[in-house]
Amino acid sequence: MDETILDAFRQNGLSRRAFLKFCAATASLLALPPAAAAAMAEKLASTPRPTVIYLSYQECTGCLESMTRSFSPTIEHLMFNSISLAFNDTLQAAAGEAAEAARKEAMRKAWGKYILIVDGAVPMGAGGAYCVAAGQSAVDDLRHAAQGAAAIIAVGTCAAFGGVPYAAPNPTGAVPVSEVIRDRPIINVSGCPPIPEVMTGVVVYYLSFGMPALDRQGRPLTFYGNTIHDRCYRRPFYDEGRFAHTFDDEGARNGWCLYELGCKGPVTYNACATLKWNQGTSFPIQSGHGCLGCSEPDFWDKGGFYRPLPAATGHWPRGEVLGGAALGGTVVGVGAAALARSRQQAAAAKSAKEVSSPSPKEDSHEH
Amino acid sequence: MKMLDTIPIRPAPSPAANAPALLREIAAALDALLLSGRRHCIDLGSLPLSTADRDLLREALGTGEIRMELVALGSSRIEETGVPGVWWVRHSSEDGILLTESLEICHVPEIVPADTTDIANGLQRLRQALALRESGGH
């Protein structure tokens with residue numbers, strides 16, 4: 001039960017070559033130098049299996065669906081053999097009273113040390129009544145669980161930035177995890193859903209090195225350090241000015257750049273263009289559709305997936321969202337939403353001051 | 001589905017946009033290897049490489065004299081290119097899924113030589129087998 005990775009290697013009669021290969025594959029996934037991957041493996045070998053509590057609130061279970069389809073066998077091995085997933089109401093067999101009891105026991109045993117994975121936004125409206133399980137509202141549940149957590153990983157755009165529940169007019173008063181919890185380290189792993197290898201990779205990274213370097217949105221730079229555009233195989237067409245203008249024109253058939261069809265690749269930080277999806281098969285742009293920008297805050301309220309970007313620069317400022325909603329005549333619930341958003345803006349400004357954002361790795365393609 | 005097949009889709013060949021820069025990086029790494037013995041590794045998986053990029057890399061680097069297959073956690077192919085000191089390394093999983101592909105610039109990739117601990121373990125097993133043989137086992 002306390003078996004470590006290195007033990008597992010030796011017991012399976014595997015050589016140092018197998019270990020080096022494992023390191024190379026992991027380093028490639030995490031964009032780490034091989035030496036760091038070796039250090040990581042050794043750290044994992046000496047660390048007892050940490051308890052992970054996985055809580056789901058306002059979400060669609062897409063993130064968990066994605067996570068359980070992680071294709072990298074080494075990472076999956078790491079995840080499911082090196083952590084102890086103590087509570088996940090979707091994956092576990094126990095239900096009802098038994099499940100709640102098991103969760104309380106797991107949290108009590110690992111109090112102060114467990115990793116809390118949160119999936120979904122937290123509805124604050126009507127005293128939290130929009131999301132209640134076992135007689136406890138999501139917000140109370142999260143506040144309690146966070147007290148005993150060493151760190152929180154906010155998985156998916158809902159947990160990280162509010163996502164779909166947070167979209168205007170936000171009828172449930174949904175907020176991201178970072179708005180409820182202020183006194184614990186939070187790693188945002190955004191995406192709708194996030195890439196499975198990114199989710200497992202972040203957990204593995206945290207177990208080995210602690211907090212990763214984060215961007216100003218609280219996302220690990222390892223996976224969110226580059227835009228989709230910068231790593232897109234269609235980038236050369238953008239540079240040459242060759243674009244698809246409709247989904248059935250010559251440009252679309254020729255596989256030219258989808259910028260004019262509303263691709264959000266230039267302002268979206270994620271690893272889709274390199275890690276890809278479904279066992280490295282493809283990603284939206286490769287399948288002929290522009291990026292929706294699902295790993296960025298407020299991607300639902302950006303005024304249309306097929307509207308071209310006004311200019312390909314930087315992150316979308318949060319202020320635009322409110323302005324856009326007001327101009328569009330979306331007045332229902334704007335008061336509550338505006339309040340929630342101005343609070344979030346204040347929080348974002350505050351955390352931006354606290355966390356000086358390191359510059360993205362320029363040579364991340366090198367080991 | 002038959003209808004879909006009738007729509008002509010002809011992906012235009014992407015230009016080789018990144019291969020020329022990669023080849024310069026390789027040249028600089030070979031310089032460093034000659035001068036100071038420093039190894040270098042380029043992870044191809046994290047770069048957007050078009051088919052034309054790959055073709056250009058293959059063409060410029062060519063095929064060398066050594067081709068190895070490593071069988072550990074699935075299969076891996078380690079090939080020296082036509083430029084001595086530049087190795088094309090592909091690691092696959094047990095299911096045959098490509099885990100990582102890289103260009104290593106070094107005399108021999110680190111994964112190739114037998115490790116001291118592995119040698120000692122192998123020697124121990126060999127001695128045990130010999131002892132078993134002498135004691136009348138098989």
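View 1. A:S208 and A:M40 stand 168 residues apart in sequence, yet their C-alpha atoms are 5.2 Å apart in space.

**View 2. The largest nonpolar core, with 90 residues.** The members of this core that touch the most other members are A:L116, A:V118, A:V122, A:I152, A:I153 and A:A154. Helix α2 (residues 16–30) of chain A supplies the largest share of the core, namely ten residues. Domain 1 (47–223) and domain 2 (226–316) of chain A each contribute at least three residues to this core. In soluble globular proteins, nonpolar side chains tend to be buried together.

**View 3. Helix α2 (residues 19–36) of chain B.** The 18 residues of this helix should span 26 Å at 1.5 Å a residue, and the end C-alpha atoms are 25 Å apart, which agrees. Its buried residues are B:A19, B:L22, B:I26 and B:A29. These four cover an arc of only 75° around the axis, so they lie on the same side of α2(B). They pack against β1 (40–43), α3 (51–61), β4 (86–92) and β5 (98–105) of chain B. The face turned away from the buried side carries exposed residues, among them B:R24, B:D31 and B:S36. Just after α2(B), B:G37 adopts a positive phi of about 75°.

**View 4. Confidence in chain B and in the complex.** The mean pLDDT of chain B is 88, and 93% of its residues score at least 70. Among the elements of this chain, strand β3 (residues 75–81) has the highest mean pLDDT, 96, whereas helix α1 (residues 2–5) has the lowest, 70. Where pLDDT is low, the predicted coordinates should not be read in detail. For the complex, the predictor gives an ipTM of 0.82 and a pTM of 0.74.

Technical notes:
Residues numbered from 1 in each chain as written. Chains lettered and ligands numbered in written order. Predicted model: local features only at pLDDT ≥ 70, side-chain atom pairs only at ≥ 80, totals over all residues. Core = buried A, V, L, I, M, F, W, Y, C linked by C-beta atoms within 7 Å. Buried ≥ 20, exposed ≤ 12 C-beta atoms within 10 Å, placed from the backbone. Helix = DSSP H or I, 4+ residues; strand = E, 2+ residues; numbered from the N terminus. Domains from an automatic or database assignment. pLDDT = per-residue confidence, 0-100. Expected span 1.5 Å × (residues − 1). Arc of directions from axis to C-beta. Contact = placed C-beta atoms within 7 Å.
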